[in-house]
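Take a look at the model below. Then read on for a short tour of selected local features.

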Amino acid sequence: MFIRSDQAGPIYQQLYRRMREAILRGELQPGARLPATRTLAEDAGVSRNTILLVYDQLRAEGYVEGHVGAGTFVARELPDDVLRPAPRTARVDEAAPPPLGISAYANRARIILSPVAAPSAANLRYDFRYGLPGVAEFPRDIWRRLLARQAKRFSSETSRYADPAGLPRLRQVIAEYLRRARAVDCDESRVIVVNGSQQALDLIARTLIDPGNRVLVEDPHYLGAREVFQAAGARLVPCPIDDDGLDIERAPKAAGQARLAYVTPSHQFPTGAVMPLARRLALLAWARKSGAYVIEDDYDSEFRYGGRPVEAVQALDTTGQVIYVGTMSKTLFPALRIGFLVLPSPLVKPVLAIKHLSDRHTATLQQSILADFIGEGYFERHVRRARTQNARRRAALLDALARIFGDKVVVQGSNAGLHLVAWFRDRPAVDTARIVDAAAAGGIGVYPINPYYLSEPPSAGLLLGYAAMSEREIDAGIRLLGRVLG
Ligand SMILES: Cc1ncc(COP(=O)(O)O)c(C=O)c1O
């Protein structure tokens, strides 16, 4: 039991008041056994006689029963006159700012974070929720074996404070993988292990953004990125995208003053557009001219279903202005909370200083399992299998959409990733909420495209994730959606 001295009166009276309060507030329930006097005396740093005095007084007033030696219990029936409800604190209005004030940063974060309204998963028979990879094909037996091995070893690698940059072994296998699979120009000295790409974005924002600085974002864009930049006090410069992703030539004039641009060139989030080489080179030329950094968020490029693989923009960068961000959330599972950054050399030290202040380092047991998982070849084998499975799910979704909706729905962004966008071209953007609500009432989770835009979307549109569903569920879900929407 936690006993805090309130500094008023002799110590035994302070303790007596605290315990009486705990009994009246129900923190100590009727019938509950009180700690032994000796234990409580040790915990509170007082003599055992003091505790005996406290218990005696509580007993005399009817708050506790029993005797020293036989145990002391909270009385089952408390004295009538004290049975008044004593609310611990007044009800807090959660929408109001905390009364004693919070920092400007916290206030921005509090206001920005309005979660996207989404139907409760519990009421959905078919949930096309975006962002979840399939769990069925995850090699859990292998993961469990590697976890058990590391836990058993409990080596200095996994039990002590470690380098904020991450375990050297993990950084090395990530660097090898990125060079091989994404042509990323890196060695382990510039690879930093982080708690998901969300932390990567936060670290970059803290490293590069002061309130009032401009940040170029795609419109539409990933909310997790927008929110980080807004919390940092950035002024967003939205740049329209088309079927080839971001076109820097069409960026507003203010883009010239941007410190940073955030892009998803390999599979634009959320539209899925793939940025062709000419636009990538134009983006890099813009970065050089305006002295800005480019964040390349390469969140799901492991899953490509056709066309030529596109190498990372970072691979084309000759001036050290691209910050590459990757994650294990789509290839493995999001609760793992492991992602990675490949930084231009001058940013390594400042980012590591902030990472150290923020959380010392990412949990090393998880890192060591992942290092084994990648290093022993399981990761790439799993990605290959998951890609095949996801390709089937994607085909099932495309097939069902074409069958049920015909030319009423235009699909965008289906050649990579774990989601696509279904545009209802003949319905205005404001209709999206109606479609989402009608679907939810019919037990189908579909997600509006609107929250990802700062401007008005071109028409009603839905974000449909498919990787966490079976082909049968996908087909049945779209058939039901067709019936629900008439
Ligand atoms: C564009 C984009 N980047 C990154 C992520 C992954 O974030 P994290 O690594 O923090 O789980 C997602 C997941 O939804 C995403 O859509």
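Predicted model: local features only at pLDDT ≥ 70, side-chain atom pairs only at ≥ 80, totals over all residues.

Residues are numbered from 1 along each chain as its sequence is written, and side-chain values use heavy atoms, with hydrogens and water left out.

**The ligand**

Start with the ligand. The shell around it has 13 residues, and Tyr130, Ser197, Asp297, Thr327 and Ser329 come nearest. A residue is near a molecule if one of its heavy atoms lies within 4 Å of it. By class, the shell has 5 nonpolar, 5 polar and 3 charged residues. Here Ala, Val, Leu, Ile, Met, Phe, Trp, Tyr, Cys and Pro count as nonpolar, Asp, Glu, Lys and Arg as charged, and the others, Gly among them, as polar.

Helix H8 (residues 196-208) gives the largest share of the shell, 3 residues. Helices are DSSP runs of H or I with at least four residues, strands are E runs of at least two, and both are numbered from the N terminus.

| Residue | Distance to a ligand oxygen |
|---|---|
| Tyr130 | 2.5 Å |
| Ser197 | 2.6 Å |
| Ser329 | 2.6 Å |

Taken alone, the ligand exposes 400 Å², and the protein buries 92% of that. Such areas come from the Shrake-Rupley method with a 1.4 Å probe.

**Two helix pairs**

Two packed helices are described by the angle between their axes and the distance between the axes. Axes are lines fitted to C-alpha atoms over the stretch in contact, and angles run from 0 to 180 degrees between N-to-C directions.

Helix H7 (residues 168-182) packs against helix H12 (residues 364-375) at an angle of about 35°, with axes 9 Å apart. On the H7 side, the contact residues are Arg169, Leu170, Val173 and Ile174. H12 contributes several residues, including Gln367, Leu370 and Ile374. Contact means heavy atoms within 4.5 Å. This contact has 6 nonpolar, 3 polar and 2 charged residues.

H8 also packs against helix H11 (residues 345-359), at an angle of about 115° and with axes 10 Å apart. From H8 come Gln199, Leu203, Arg206, Thr207 and Leu208. Among the H11 residues are Leu347, Val351 and Ile354. The contact of H8 with H11 divides into 6 nonpolar, 3 polar and 3 charged residues.

**Backbone details**

Most residues other than glycine have a negative phi, and most peptide bonds are trans. Which peptide bonds are cis here? One runs from Asp219 to Pro220, with omega near 10°. Pro220 sits in the loop between strand E5 (214-219) and helix H9 (223-231). Another cis bond runs from Phe269 to Pro270, with omega near 5°. Pro270 lies in the loop between strand E8 (258-263) and helix H10 (277-290).

Ala183 is not a glycine, yet has a positive phi of about 55°. Ala183 is in the loop between H7 and strand E4 (191-194).

Definitions and conventions: Polar contact = N/O pair within 3.5 Å; in protein donor to acceptor, adjacent residues only side chain to side chain.
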